[in-house]
Amino acid sequence: MIKAILIFNNHGKPRLSKFYEHYNEDIEQQIIRETFHLVSKRDENVCNFLEGGMLIGGSDYKLIYRHYATLYFVFCVDSSESELGILDLIQVFVETLDKCFENVCELDLIFHVDKVHNILAEMVMGGMVLETNMNEIITQVDAQNKMEKSEVRLTLPVHYFYLSVYQAGQVDTGRYCRSACSCRISCKEHEPPGNAQKHQHW
Amino acid sequence: MALKIVKGSIDRMFDKNLQDLVRGIRNHKEDEAKYISTCIDEIKQELKQDNIAVKANAVCKLTYLQMLGYDVSWAAFNIVEVMSSSKFTYKRIGYLAASQCFHESTDVIMLTTNQIRKDLSSPNQYDTGVALTGLSCFVTPDLARDLANDIMTLMSHTKPYIRKKAVLIMYKVFLKYPESLRPAFPRLKEKLEDPDPGVQSAAVNVICELARRNPKNYLSLAPLFFKLMTSSTNNWVLIKIIKLFGALTPLEPRLGKKLIEPLTNLIHSTSAMSLLYECVNTVIAVLISLSSGMPNHSASIQLCVQKLRILIEDSDQNCEPSVNACMKYLGLLAMSKILKTHPKSVQSHKDLILQCLDDKDESIRLRALDLLYGMVSKKNLMEIVKKLMLHVDKAEGTTYRDELLTKIIDICSQSNYQYITNFEWYISILVELTRLEGTRHGHLIASQMLDVAIRVKAIRVFAVAQMATLLDNAHLLTGNVQRKGICEVLYAAAWICGEFSEHLDNPTQTLEAMLRPKVATLPGHIQAVYVQNAAKLFATILKSQEGNTDSTAAQETSQLMIDRLPLFVQSANLEVQERASCILQLVKYIQKLQQKDVEIAEEVIALFAGELNPVAPKAQKKVPVPEGLDLDAWINEPPSESESEDEQPRAIFAKEEPKHSRPRHTEVDEKELAKRREARKQEQANNPFYIKSSPSSQKVYQEAPGVEHIPVVQIDLSVPLKVPVFCPTGLPMSDQYVKLEEERRQKDKAEKKKKEKKKRKEKRSGRGKRHDSGPESEEDITPAHMVDIVTEEMPENALPSDDDDKDPNDPHKALDIDLDNLMEMAGRRPLADSEKLPVRSHRAAEVLKSPAQDGDAESAVSQETKKKSSKEKREKKKDKDRDRKKSKEDKKKKKKKHKSEEKGEDLLGGQEDGPVGQSEETSEVAAQPTSTTAEEAATVAAAEAAPVSELASGTAPDSEPDEPKDTETEETKSSKHKKKKQKKEKEEKEKKKKKKHHHHHHHSDGGGEESVQNGTVEEEEPLPPMSNYCLLAENSYIKMMMEDADQVNDIQGNLQDGSQVVVSVIFENKCDSFLKSMEFNVLDSLNSKLQRPEGSGPHDGLTVPFQLPPGVSNEARFVFTMQSIIMPQKLKGTLTFIVKNEDSSTHEKLDFKLHFTCTSYLITTPCYSDAFAKLLESGDLKCSSVKLEGVVMPFHHLLARICFRHHFSVVERIDSCASMYSRSIQDHHVCLLVKTSGQTVSIDAKCDEPTLLGNVLDEIKQTFSQC
């Protein structure tokens, strides 16, 4: 079983957290912090497994992580999972993200954490590995995105209706209008180049 | 694309989306918390709006904030709202949010049951998928129980995408609702051979998880897995299977033997390191499980070790270095497993493992250390420890160095110092370890020193000398603040010097060292030991000096004590103070006596006479309780509760009051106590295990063999035992001992050889050869000290420890369910009736029809009641059920023959499905309702989807407060009685009578009196699971049940005003033959059409995607497209199928009529009262009303019935008046105002479509006219 999947950057900022067992928010944050401290102080070329008692799990659990450029991908698993298998799975996950986001970088994860969740949901379900075949994962993710798009097209008239209501003066829309003009959907190109570090491994 | 952009900017007009939120947070780094709190306020505003898109957006943002650590549970209800959106986009957002923040104690989770069920049966596979994924994260016992059957059905879904998710989620369901394991298992097993690799992998995954916890229940699956292992090419599946075998082999060694070959093949052939590693691991597990006396497996061991060696030493240039490190780590991990059973084969790779100690990766070094622990022998211990000592010097990080230190001590002390041949060497190692700066393990070293000094008598002389040096140089240990941990060593040093002071070379010097003023800076407990042992030393010195003629020396010593001790008397530490002042007085007294020239040394020394024996750590616990002693009984009656509460404050604040019971007791028992004390003393004297200062304990030592004849003398000659001054930088002393030890061994060897030669000359036997030819074997090394290791004392009759009990809270314990007999009988009726999954109400219709299954419902009742009882009870019950089931099964077998004959006739007649009981109990019960023929029951069921009787009795306490309770208690009683093996038959008969009564009652319930289970539906309580399955058609072969088409989907809504209705039909095979090639066809009308796959003609039938073995039922869904929904529709249809017997197969046909009521076009939609009011005010709605006479049921039952049967939701209820709302699939609003007075119910209704309204009202009227 996988107990948790965490993605955080080199500074310990969480980019995705998926716990397959319930913890309250404070403990979740504590786990993320502790995991970051454990993982970040390790050298680049040392082995990717970490044992030992921590907040999550106990002695049966291992942390299996990989470090890609600015991001750490950490899986917390118990002894029923094969360590090397999980390492492969992390690789598959990252490659899938790369395919879905076209040259993924940290910014993609920052702004589209929901999409990352959706991709992850096709790989791991309730702590168990659902699918390891990248093509299959991508097919399913694409199909769902397509469905979403078709729905967006359909819902347009409704929005139009609401727009007219709002313009009738019920809500002050000025603020949002301005922001809407200044930047559209968070494209990578619009971000300051300093942040746009691409991952070397991909 | 253009549209999307437009839409995006429109969205932005009125709310921030997730990206804006993220950007905003990034732009407000300084006042992030403040910014987020304003965002949360905005989100709260957004959630108040009616637009689902806005809500979904808000929920999406909340999900992000949850990741940042904000509690978003307050929005749980909104999340449920978003989940129930019909749009996939929003649904997905909702489920994601739910999966992130729902948990068992989230109360709104109860509201989701029906929504999830709806999504699970959605024709859109992604709706189902999203629901399954979400559910996997927040499934609760209730959800698991209610949805288990739906998920079971999904396991045979046509789409592999759904199948694999459904299979996987079953594990979660099992965990939460263990009762579902047995009924679901056959299907799960089936899925192991699913054509889709993904589904197969999921099934393997689930079974592996299950088997890991309770392997013995899954042994019978081994052949199947074996087949999979040899046929599968999916590495992921292979790994799982191989891991599973690793868990199974310890239970079944024969399995292991079979596994070795294919596993070795895999090891040779695979290129995947992960698979190779797991193979090696399992081979190791196999070899461990096999008895070690299997010579032909040494090859496998060799292979494993060899492969592991490659893992460890080979660094693949193509791989990342970190991955190589991983291999190394895993290699070492696996090695340590081999080590336990085959240490020899690992020991030959000592070089490699020692190399790993130099690795820069700490976890690899730690693994290597673990391995070393098991690899030491008498021969190589010194070498290995020497190497480790080098690492101790090199190691910088204190944690790793501490780890090294503990490992060194562990390695040396393992199994009672088994591998140590030279304790002088070991003591010097310990002394060297004291040089470590900043270690936390000073106490560990100290306890080792104490242990060795106490238990190895021969080493005491040496140890005392070393400790004296340590004490002398104590300033080196204590000088630095960082060395706090290490000064613990002084505790040991002081004690050893004091206790064995007779061995001291220069006791006066040591005494002086112990009484230095600097000692006062040490921790209190160490000072205390110092003071105490100074006294011991003093006694020894006194004794040695008393013989001398010159008495001044002795007096000087006393004076020294008197001078120095006051320092300790002033100590803040109580222990030190007390001891010091006590001893000070003593010394002063002694001094007085000395001045009178009285010889007192003997008496002083008597103070400290006697020796201490080591006692086993658990000895105290293991003392058996003597007969007749009840430890739980009160010695004195405890003071009453109130008294004890009062007592404490009184003791502090109250004036001296005469104390109550306690002191009195002691007074009274004074004599008795004295007697007891005497008896105890007597007993202690006779008890050899009581530690006392009698000479008897010393005997133990004297009798121990070998103390006298130790070759210490030899060493004494070569090594100056007056050890050089403790020197932190000089050559480590231990090295000298290593050299010496080697010399000694060679000498020994030479001597032995000589002896052997002699022997050989004497006896020319071949035996001697063996000794000579082999390399120096373990036994050849004689220890330098006969280690007089005093075994720890244990009381007589001590029991072996049995402390390792399983955690009683482990959820997997509940899954320890025997599945074997289940599988043997697979295909028939493997499950006890009580074990069937709780199903929705369509099963109740079955219940009515075939009374044989009444038992089903009955036992379900008991299950329901079980639910409410505590877990323990539930487990007990399970046992009971099992008992019961057994007896039932026996009976069943007997009756089966009879049954099949009878049934055959019945079926031909196509009418009465007679009262074929499965047990006496149920047959009796069944006798009553037989009067209803199957057909009658069917029509009744069709008209009124009968409520589940289990729920009726379980959940409707307020409607029929007496009778259902009765049933419950009766039920529980009955199970008890069963357990007692029907001792009280009379009682049982009575009970049965009662039960008959109940059954009758339930039956008429179903017949249309009142829908009881809805009785519980109060405003806030969730609806119990139910649905509207009704009989569609049946013949002797098959029965079709249809669910009211309440499923609506406009996802693909490219039809402008059309909508789709989904009908689920349950096909149940009633005959003994196999049914296959089922085709479902409907004559389309102008208004409604069956959706057929593209390319097929308008009259083609739809193939039902499954076949039915005998007795099996399955569910299929058909989608209909409706043009107009304002009128009820009837569609004629046919089902054709092939009945396959062993020898023949016949084509059969079944006609049916699908009835789409207007109700079925309504969707239960929640509505707020303010929105409802607005809707009514809007004036667009047409009015209509209806009056129902003679309705005799409580008002809330009536409401619940409308909700349940006609898909309404209650908006508001005030006394005997309620407003209700529903929406049609084409967005017609239907509003009801229901009022009741006496037996008259008036319903005022409003709807924007009068025809629809009229029809709905007619249907409602019909529903109640049947009452």
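The legends below accompany close-up views of a predicted model.

**View 1. An aromatic cluster in chain A.** Let us start with the rings of A:Phe8, A:Phe36, A:Tyr65 and A:Tyr72, which ring pairs link into a cluster. Over all chains, the count of aromatic pairs comes to 16. In the pair formed by A:Tyr65 and A:Tyr72, the ring centres are 6.3 Å apart and the planes meet at 50°, so this pair is tilted. A:Tyr65 counts as buried, at 4% relative accessibility. A:Tyr72 is buried too, with a relative accessible area of 7%.

**View 2. A lysine over a tyrosine ring in chain A.** Here the charged end of A:Lys3 sits over the ring of A:Tyr61. The distance to the centre of that ring is 4.4 Å.

**View 3. A lysine over a tryptophan ring in chain B.** In this view, look for B:Lys44, which lies over the face of B:Trp74. B:Lys44 is placed at 4.9 Å from the ring centre.

**View 4. An open antiparallel sheet in chain B.** The sheet is formed by 4 strands of chain B, in the order β7-β5-β9-β10. Its pairing is antiparallel. At the edges stand β7 (1102-1103) and β10 (1145-1156) of chain B; each has a single partner strand, so one side of each is left without a neighbour in the sheet.

**View 5. The pairing of β9 and β10 in chain B.** Moving in on this sheet, we find strand β9 of chain B, residues 1129-1140, joined to β10(B) by 12 bridges. The two strands run antiparallel.

Conventions. Residues are numbered from 1 along each chain as its sequence is written. Chains are lettered from A and ligands numbered from 1 in the order in which they are written. This is a predicted model: local features need pLDDT of at least 70, side-chain atom pairs count only at pLDDT 80 or more; totals for chains, interfaces and linings use all residues. Side-chain values use heavy atoms; hydrogens and water are left out. Rings of Phe, Tyr and Trp (its six-membered ring) pair if their centres lie within 6.5 Å; planes under 30 degrees apart count as stacked, over 60 as edge-to-face and the rest as tilted. Buried means under 20% relative accessible area, exposed over 50%, partly exposed in between (1.4 Å probe, protein chains only). A charge sits over a ring if NZ of Lys or CZ of Arg is within 6 Å of the ring centre and within 35 degrees of the ring normal. Two strands pair if DSSP finds at least two bridges between them.
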